[in-house]
Structures are given as C-alpha cells and as structure tokens.
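Take a first look at the protein below. A short tour of selected places in the fold comes after it.

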Amino acid sequence: MKKFRKVLDGLTTSSPGATVGSPSCGSAAGTPTTAPTPKEIDVQETLVSENFQLCKTVRHGFPYQPTALAFDPVQKILAIGSRSGGVRILGRPGVDCYCQHESGAAVLQLQFLINEGALVSACADDTLHLWNLRQRRPAILHSLKFNRERITFCHLPFQSKWLYVGTERGNTHIVNIESFILSGYVIMWNKAIELSTKTHPGPVVHLSDSPKDEGKLLIGFESGTIVQWDLRGKKADFRIYYDEAIHSVSWHHEGKQFMCSHSDGSLTLWNLRNTTKPFQVTFPHGKIQKDARKESCKPILKVEYKTCRNSEPFVIFSGGLSYDKAGRRPALTIMHGKAITVLEMDYPIVEFMVLCETPYNNEVQEPYAVVVLLEKDLIVVDLTQSNYPVFENPYPMDIHESPVTCTAYFADCPPDIIPILYSIGAKHKKTGYSQKEWPISGGTWTLGSHTYPEIIITGHADGSIKFWDASAITLQMLYKMKTSKVFEKPKPGEGRATELVEEDPFAIQMVSWCPQSRIFCVVGISAHIILYRFSKYDANTQIVSLEVRLQCDSEDVISPSENENNPSFSEPGSHSPQPHHHHQHPASPGSRTPEGIKDSIPCLKVKDRAVRVPPGYQSELVIQLLWVDGEPPQQITSLDINSAYGLLAFGNCNGLAVVDYLQKTVILCMSTLDLYGSTDPYQRLTRSPRRNRQSTSGLTELTDNQQSIDMERSKSPTSGHASRRAMLQQLHGVTMYSHDEHHSTTSYCWSDRESRENSFTRSRSSSVSSIDRDTKEAVTTLQFGESYGRKNDVLPTPCLWVGTSLGVVLLIPMSIPTDQEERMEEPVTMGVSGAVLMLKGSVLRFSFLDCMGALIQTPYEVWRDHNAPEDPDRPRRRKLVHFSPSSSQDACGDGHLAVVCSERQAKVFLMPSQSCLFVHNITESSFVLRADVVSVCNSVCLACFCANGHVMTLSLPSLRPLMDVNYLPLTDMRIARTFYFTNGGQALYLSSPTEIQRITYSQEMCDNLQEMLGELFTPIETPEAQNRGFLKGFFGGNAHTFDREELFGEAAAGKASRSLAQHIPGQGGVEGMKVAASGAVGELARARIALDERGQRLGELEERTALMMTSAEVFSKHAHELMLKCKDKKWYQF
C-alpha cells in the first residue's frame, strides 16, 4: 500500500496544477500551489491581508427570548435584555445597538442611570454590570459578582448613585454605582421582619423609595410581607403581613398610598395611615359565582399605578384573567376611572413599562404610552387616545412572523429598484395606527458617506418572501409577497401535500434574483419552482404549469458496465416531458397504479383559472416535480436562471432539468449519470431502493437546543464524515455525499490527469463504512455564462456549468437563437458531451474572471414591463447585455478563468484549454458550507464559511489566503442555511430564529463603522423638579435633606465583607474601548466625540453660571428695594 501511494504521489506532483502539500488536520486553511501553464497569465493582484478584518456591524430583528425591559424617560431610549445575555438598545430609527454579556447568562433586570448615559444589568449568574452608553459601541465599565447570594431585584432611585439590590435570602445590599463597590450598610431579612415571625419571608421581589421621603425604603417579600424601612433610623416603620404572594408594588406619586398585585389575581391598595388591612381589595377579572364565591384568577404579574393631572389615575396590569376560559390569549388590562379595557396579545407578556412625562416619582406622572414586551413582539400602546391604538413600529421586529428558512443579500443594487419596491409595498401597509410620533426617539443617527443600495431577501416557512432595504446598516421592509397564492388551498382529506411534508408545504428553500432584469425565482420544499416577473401594473394572468419527471428508477444499477442496458432517461428531446396546463393534468384515478401507488402527480395543485394579480411580482410559470412509482420527488438542491438566455436550470439528487421559460418548454431532463456519457470517472455500486419522506422541521426549527446526535458530532471538526452527511442531509433535504465519503470497498477508476490529481486515501471507522451505500450524485450548483464548452472551441458560447456532490464539474454548451422572433419559435439545443473537471468534495460555486483578473458578469436582459401599454412607434424588444470573456482582453487574447470552489478545495482553470492554474486545499478537517466570489476594495476575492466556524478569504486568481478567522462555532443548521456573502465585504446570517446578524470582513468598513452607527447618548438638560410649595415642603417631610453618602459611605457604614461580592473591572473606559473599529480612524473619532461632549458640557456649565449670576443680581436688587421700603417702618407696622 505504501509503495502504491508513493507512485501516486509521484504522479500527482509531476502533473501540472497538483497540490504540493496539504495542511495538517488542525489547520483550517491549506496552501495554494502554482504550476507551469500553457500560457502566462499576468494578473496584478491588489488585495493584501491588511484589507481584511472581521467584525460584527449590526443586528436586526426582534431580540430572541427576551427577559427584561428598561426605559430612560429623558434620553428616550429603550433597552431589552435576553436569555442568552444579549442587550438591545433602541432609539430613533437608525439607533439600534446590540451588546453581549461574555458570560452568556440571562439578563434578569435592566436599570438606566437616567440621563447619565449608563445602564446597569443584573444577570442570572448573580453579576451586576455597568455599561457605558456614551460611545457608539457600549462597553462594560465595572462588574460585581455576588458569591453567596442570588440577585432577585434591583432598584436605582433617580439621581442617586446608590443601587439597592435584593436577594433570594431576603437581604438588601447597597452598591455604589461610581466605584461599583458594596456598601457596609445591609438590611438583613431578620431585622426587617418581626423577631416573633417563625417563617422566612422569601426572596425580595420589590424595592422602591417612598416618593414622600427618600429615606424610607419599601421592601416587598414574595410571601406577602411588606416592610417600610427607615434608612436613617435603621428600623422598620411598619410591617404588613398579607396571606397572598406579592408579584409587584407601585406607589401613588404623593407617597401616601401604594398598590400591590398578587398571585390570586387581586390588587390591594394600602394607605400608610392604616397598614393593618388593605384600604381596598379588587379582583378586576374575578366575577362572583352563583354560590357567592369569587372565581379563581391567574396571578397579576405586574401592576403600575400612574396619576394624571386632568383625569382619573391609570391602573395598568398584566395577567389576572379568570381560569375558566380555555385558550384565552395573554392580556394587558388598562383601568382608567371606571373604564376597563382588555388588550389581547398574540404572545405571552414578558414585561411592560408605562412611559411618563416626568422622571421624578413624586410628581404627577402623566402617562402617555405603555411599552409591552411580548415573547415574540414589541408593541407600544398610545394612552392619550381613548381607543388605545398602537404605534407603528419603525424597527423590523417581524422578520420571524413566519420562521425564516433562507436568505439572500445583494449589495450595490440598481438605485431605482428600492424606491419602486417601496412604492408598491406601501400600498399594502396596515392602517389604524396612532397618528403620534414613535415615542422611543432618543439618540442621533445620520446617513453615512459610505452608503449604497442594499437589499436583503428572506424566505419563510409559510411560503412568503420579504424584500428589505438594508442600505446604511438599517433594515426597512420594502415589499412582501406570498407564493402560496399560486396554488389551490388543499381540501380536507386531500392530503397530497401533507404526505410529502408534515407541515409548511410552501416553505421556501432557495431564491434566485436578477436585480437588473427583475426576474425572481423561488424553490419550495414541495419540489416546486415559481418564476416571477416584475410589473408596475396589475394584470389578469393564467399561470402556466410545467411538470417534470426527474426520478431515478429504484431498481437502477448504476455501474458503468450495466449503464447501457438500464438507462435512466432516453436521449434528450426524444422523450422530454412536454408542458401542459393544470386543467389538462390527468389528476384522475388513472394517475395511480392498481395497487394505489402514486405516480405522475405533483405535490401541490396550481390554480387553473385566470387570476387578477396586483402590481409587483407576478407569477408566470410554475415547475413541479412529479411522484414516481409511489416515491415522492426529491427536493431541489440547485437553481440558476439567466434572463439573457431565457433559461432556468435546476437539479436534485436524481438529475438535471433545463426549462426554456420564454417558450414554456422543458429542453433537457436527464439523470446525473447520463450527463457524463462516456466520460464518467467513477465505477458505481448498486443503489438500494430508498423511499424517504421529507420534512421541513430542519428548515423551520425555532428551538436552539434540540439537536440530533449527528449535529452534536458535527460541532467538532474532526468528528468524522457521518456528522457532515447528517448536516448536509438536513441542509438540502436529500441524501447525497461527495466522493471522499465513498466506503473503503469502493474502487476508483482514475482515467486522466484530473482524476490522479484528486487521488487520496483516508482511514475510515467501521461506523462510517456501515452507512448504507446510497451513491446518488446530486447536482449541487449551476451557473449559466459565456464560456468554452470544449477544449478546441475558438469563440465563447452560452454554456451551463454543472457541479455535483461527487466533485465533478460538467460543461454543457448550448445553442440559442439570437434573433428575437426565432428565439420564441426555434428550440434551444444543448450538447451534453462537454468538458469534465474534478475537485475534492461537493462543488459549491462557479465564477468567471477575464485574463486581467476582473469579474465577468453573467449576461442579462434589461427589465421591461410586460404589462405596460403598447407603443406602436416603439415596439418592445428584448434588450440584452452581454459580458463576453473575449471582449475585454485585447492584450492577452481569448480565453477566461473559471473559479471553482468545492467543500474542500478551490481551483482556477484557464478556458478553453481547461488547464488547472491554481489549487488551494481550503480545509482538510472540516468542510465549506458557503463560498462566494465577491468584490472588495475594487478587486475580487473568494470568501468561504466553514462548518468549524472559520471565515476565510482567498485572493484571485492565485488563491493566496488573505484572512482566516475562527469566527463562530456552527451550533445549528440555521446558520449554515442562512449564511450569505455579498459585495463590499459584507455578509449576514440568522444569529437566532428572530434576528439577522450582519458582519463585515473589510478593514475599510470596520474603520468607517463608527460614523455609520447611531449615537445612543445625546446631552439633554435634566428637567427641573416642580416647585413643591412652602407648606408642602414644610409638612411633607424632609425628603431633600436626605444624604445617602452620609449613611452608605465607607466612613459611616464601613466596608462590606470581601467574600460577599467580587469587583471585576471592565474592559475599557469612555475612550479606551476595545471596539471593533479599533484603527487610528476609530481612535480619532472617539477622541473627537469625547472632546465634543466635554465642550458641550463646558458650554452648558457656562450658560448655567451666567443664569445663576443673573438670578443673583435680580435677587440682590429685590432685597435692596425691600430694605429701602422697610427701613423706616416700626415693628408694629409690618
């Protein structure tokens, strides 16, 4: 065996383009190799590794699994915490920031330091964090980790630097916000309650200072005990023992009453004059039954008691509904005077918060809105109108309205496409929103200088498609369409669709969009393809339906010796399926065999009547694969469409089909094996018959934690190929694998130099070789383009490049009539005996460069509106734009470069000679999930995303590694399915089932990121407290003389126990931050921002000083006048 390997090694190294060395198993990138070529290619590569840096830019969508909510009433910014430790901070549109706790612990509570540009977060790992928001990328300044107690509740009084922290043991600790050090002042639970009490009061569930006196702290314990603690006297003023568990407490602004919500669905109102019993007990949703008993109600989880100057107070609470009605939706109840309004929600309420005009808790609150955080949505209700309308949400919080199943990302789109899509989408917007401005309006954001039109497309489980404007790192919905409208609704009992997929028969698997011609194509999970054209006019259309029989016979023997006797398909053209409309479709009992086996029927039924379609994308053609002998059609794994050629190609694990969508005919339908003809490089084994039901659960799975054993194994890059197969099977919905996964018993038939170049051996475990030998070869990628189908071609012709899961590349030359009339009548011919090239692993991507290294765009048809009124003077003709490979190479003659990337390696071929110029083994230990040839810094590169989480870029055409970053471990299929590279050094993926994460791998964009992001903090004058009046101040307690520093400072309270909590300094301060854009530009920008802030503060200080001097002068003048007036008066004259 060793001798044989040495001989093979000698052969491979002597052949041109051979791999000289391969990387070690641990590394993610291999080595590019060059070889002597028939013709020198002189390409000046401009990209260097300094052009690349990977960082996150912005996150869009609804925070996944939210847990906490906070609002700054002065800055008007909102913060949302999540179970995974994320914090989203939202302001006006464009101000959207995402921060992540490194621990990943769930966020329990958030508290803004109001108008200070800071935020405190309390996490489930019992750590408090102080975030600095006075920079575009917030960072942690301090952390405090509690070692012996669990945090349950936090409260930070307005304009105080002392944070009250309640714990599970019932104790209350006090933290200095400036130093983040624990005070020695502690309110122990056993001191708070009476000594005679025999039971523990439970965890602290509420803390608040009295609006009347800041020196009084109200402590609510879970068991129903409430204590008002005198901070100065270090004793309890009063204790309340109630027999129902407390969930929340809310004060009346005068500080004489407070309201509690309880676990039995009741609200109790307490008056401080008499705390022996509640002043009032109400069950807002509890009716009195016939036996005079109250019906049982669900707990009221939170209540807010807010006063108004000119009307009755608002009492707003969540929960409290009666148990009797099954299936009742979660509700928010608004009680205003005697009116009770119940707002039913689509999802459970996580938290809500009433927005008030004043930050002071001792003033009339004047509520104007309520923010309701639901499990999967964020809504804001307008309280100023009696019908309580909701505000229109400016953020894209509905990305997950139906689970996202695929994405596409297009940077540098034609500039006219976004306004057109927006104008059509705006006609279908919902109405009935509040007319007022969105109340979360904090921060500042300006359109950066580095902006260009960008569009993100999301496909969803319900068959809907959404187009989003993603320009300038924002996200706005442009247009939505529903692909399910093309099909008839399945009648009850007619379960053809449900037999193929358990649910979501219209789920989108992939999309293909040509922004120039505006042709749009979707692939659905029920083995269907829909072609759409764009029109600004509505129309009556008859949808044309084509049905394609693309299925290998189950008894097929696919070894070369028997292939001639058992061909899967006849010669192209002789028995090609003919198109027919659905009303001619034989969906009769004759379509089933006598045994009742389904045959020649599609999964879904297309509407067979003319339908009225609105402006926008209008369906023109539906292609469906058919059931064959009781076996459902395999899902489609690859698709390409070309508007200049008028052709659409698609493939699955059975073969390839090409459709002429102008003539509505199938021009090619062949098994993968028949595409080879006599050039098949493999000997094949018998394939066992296999019927597999397909499921959308892989596409639409929302949970993050349910993963198969195979998926768990695939996290490890060295866990073997079985896990890779499981991942690909889930990703594509088919059974397929590449040639390096053949079993040890498989023999290879190496026929030419390309085959020898790919020879390698690999040890395999018995568990891998025991996997069933299903050697279906799937068509994994397709690309139309001008190329050379054969080595001796002189001129480029239209070709279809086909890549398979066994690493084979096939070139299929085509003959397309050029005249417009001929094109609509003459057939397109395809010759399947084109070139065959080889790579390791499943082929993922094709791209073409000219001999100067510039990207060759695929030809396209310029968009024209098919429904526009006819102009007799200017007949409508197809206007085609071609980018011929030979047109731009006067200096270096004919030919072009073909870049081919597979799961394991990349190659650059010179066409038409087909000689391999460069090879690069991308990875040995993992496999590539996504690869794209993209333009960055006025040049092009190959960008790859591997299953082990590495993001790499390679230069073109030499395939030099430029960047290799271990970015994120692939923990689930969602990231693999939605990762997408685009031009300008950008990429995106679904970071959670509800959020899109955009990243950049361009150094230039990282440097400019600071100016593109919004400012969270804007210097605003804190509103002045209302004048309380002489009598109120005299009789209302000495609230303003309370000095917390005197009580809680180290001098008075001493130091806290070191073992109780550990102080952890943050990663950076206001200026010295470890942000992604950490270049010189970023540093200067931050310094400039800091200086601006300082200058602004100094300016404000100067203004205040001037105001004080003026008021002092006025006071002096009045005092002098009063003295002159009174100096001669006797005492009895006053």
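Predicted model: local features only at pLDDT ≥ 70, side-chain atom pairs only at ≥ 80, totals over all residues.

Residues are numbered from 1 along each chain as its sequence is written, and side-chain values use heavy atoms, with hydrogens and water left out.

Start with the salt bridges. A salt bridge here is a side-chain nitrogen of Lys or Arg within 4 Å of a carboxyl oxygen of Asp or Glu. By this rule there are 31 salt bridges.

Take E366 and R309. Their closest N and O atoms are 3.4 Å apart. How much of a residue is open is given as relative accessible area: buried means under 20%, exposed over 50%, and partly exposed in between (1.4 Å probe, protein chains only). R309 is partly exposed at 48%.

Next comes K466, which forms a salt bridge with E401 at 2.9 Å between the closest N and O atoms. This pair links distant parts of the chain: K466 is in strand β32, E401 in the loop between β29 (378-382) and β30 (404-411), and they are 65 residues apart. E401 is partly exposed at 45%.

R518 and D416 also meet in a salt bridge, at 2.8 Å from N to O. R518 lies in the loop between β34 and β35 (519-524) and D416 in the loop between β30 and α3 (417-426), so this pair ties together parts 102 residues apart in sequence. R518 is buried at 3%. D416 is partly exposed at 37%. Elsewhere, salt bridges link R59, R88, D96 and E995 in a network.

Now the aromatic rings. Rings of Phe, Tyr and Trp (its six-membered ring) pair if their centres lie within 6.5 Å; planes under 30 degrees apart count as stacked, over 60 as edge-to-face and the rest as tilted. The structure holds 28 aromatic pairs. One of them is Y164 with F1048, an edge-to-face pair with 6.2 Å between centres and 90° between planes. The two are 884 residues apart: Y164 is in strand β12 (residues 162-167), F1048 in helix α15 (residues 1044-1048). Y164 is buried, at 0% relative accessibility. F1048 is buried at 1%.

F487 and F506 form a stacked pair, 5.7 Å centre to centre with 20° between the planes. F487 is in the loop between β33 (476-482) and α4 (496-500), and F506 in the loop between α4 and β34 (508-514), 19 residues apart. Relative accessible area is 2% for F487, which is buried. F506 is buried too, at 15%. Ring pairs also link a cluster, including F410, W513, W863 and Y980.

L207 is in strand β15 (residues 204-209) and is buried at 1%. I240 is in strand β18 (residues 235-241) and is buried, at 1%. How far is V227 from I240, C-alpha to C-alpha? The distance between I240 and V227 is 6.4 Å, at 13 residues apart in sequence. L207 and V227 are 9.9 Å apart, C-alpha to C-alpha, and 20 residues apart in sequence.

Most residues other than glycine have a negative phi, and most peptide bonds are trans. A cis peptide bond joins M911 and P912, with omega about 10°. Another cis bond joins L956 and P957, with omega about 5°. Q65 is not a glycine, yet has a positive phi of about 50°. Q65 is partly exposed at 29%. I473 has a positive phi near 45° and is buried at 7%.

Key. Helix = DSSP H or I, 4+ residues; strand = E, 2+ residues; numbered from the N terminus.
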